[in-house]
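Subject: Handing over a model

Hello,

Here is the structure I said I would pass on. My notes follow below it.

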Amino acid sequence: MQTWDAIRSRRNVREYTDRSIPDEDLDRILEAARRAPSSRNWQPWDFVVVTDRRQLQELSEVWRAAAHVARSAATVALVAREPASQQERDWIQYDFGQATMSMAIAAADLGIGSGHASVADQERARQVLGLPPDRFCAYLVALGYPRQPLRPISEPNRRPFGDVVHRGRW
Ligand SMILES: Cc1cc2nc3c(=O)[nH]c(=O)nc-3n(C[C@H](O)[C@H](O)[C@H](O)COP(=O)(O)O)c2cc1C
């Protein structure tokens, strides 16, 4: 897929086929995350990849809107150190968003769907993922081949271009 098609095809995928993701494709998606830009290049992330079905099911219980994690072929847990300040917390949110988007585009390029999930129950996430006490799971990104294959979306459900784009001044 061309980059522009991958960008236009990406959407949150929550229903997956049973097909597993080849290791080299999963590694490419993780490499996309590793290469993401971050504030002062501090790279505040670690990535825990889960493919075991039982573990995926347990992980899906960390948030009420994370059921798709249980059905995914693989889920990447984005893990951060507990922030030392509000500023660090803000940087983590921005930087993890960039890593997430890089993964989503790399996945779409391979015809693989991705679906965010927030994490509410940090204790459960820590336990399922075996995280040290000074780390938390910022987000989950579920991956899998979509039941409805990805294709460029011509009319995305977004605010109109002319509404969000301001040229020169507001
Ligand atoms: C920070 C963030 C958290 C999200 N958390 C969840 C979630 O917990 N569960 C879920 O099903 N979708 C989650 N989403 C997906 C959004 O609902 C989705 O991206 C949005 O509705 C736009 O749809 P699209 O990605 O298909 O274009 C999250 C997205 C973001 C950016």
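A nitrogen atom of the ligand is placed 3.5 Å from a polar backbone atom of H116; a polar contact here is a pair of N or O atoms within 3.5 Å, and within protein one must be able to donate a hydrogen and the other to accept it, with residues adjacent in sequence counted only if both atoms are side-chain atoms. A polar backbone atom of S118 is 2.8 Å from an oxygen atom of the ligand. In the side chain of R158, an N or O atom is 2.7 Å from a ligand oxygen atom. On its own the ligand has 630 Å² of accessible area, of which the protein covers 60% (Shrake-Rupley method, 1.4 Å probe; for residues, only the protein chains shown count as cover).

On provenance: this is a predicted model, where local features need pLDDT of at least 70 and side-chain atom pairs count only at pLDDT 80 or more, while totals for chains, interfaces and linings use all residues. Residues are numbered from 1 along each chain as its sequence is written, and side-chain values use heavy atoms, with hydrogens and water left out.

The residues surrounding the ligand include R10, R11, W63, H68 and Y139 (near means a heavy atom within 4 Å).

Now the sheet. Four strands form an open sheet in the order β1-β2-β4-β3, with antiparallel pairing (strands are DSSP runs of E, at least two residues, and helices are runs of H or I, at least four, numbered from the N terminus; two strands pair if DSSP finds at least two bridges between them). β1 (45-50) and β3 (113-117) are the edge strands, each with a single partner, so one side of each has no neighbour in the sheet. β1 is joined to β2 (residues 74-81) by six bridges, and V48 is opposite A77 in β2.

Helix α2 (residues 23-34) lies across β1, β2 and β4 (135-144), at about 165 degrees to β1 (axes are lines fitted to C-alpha atoms, for helices over the stretch in contact, and angles run from 0 to 180 degrees between N-to-C directions; contact means heavy atoms within 4.5 Å).

Regards
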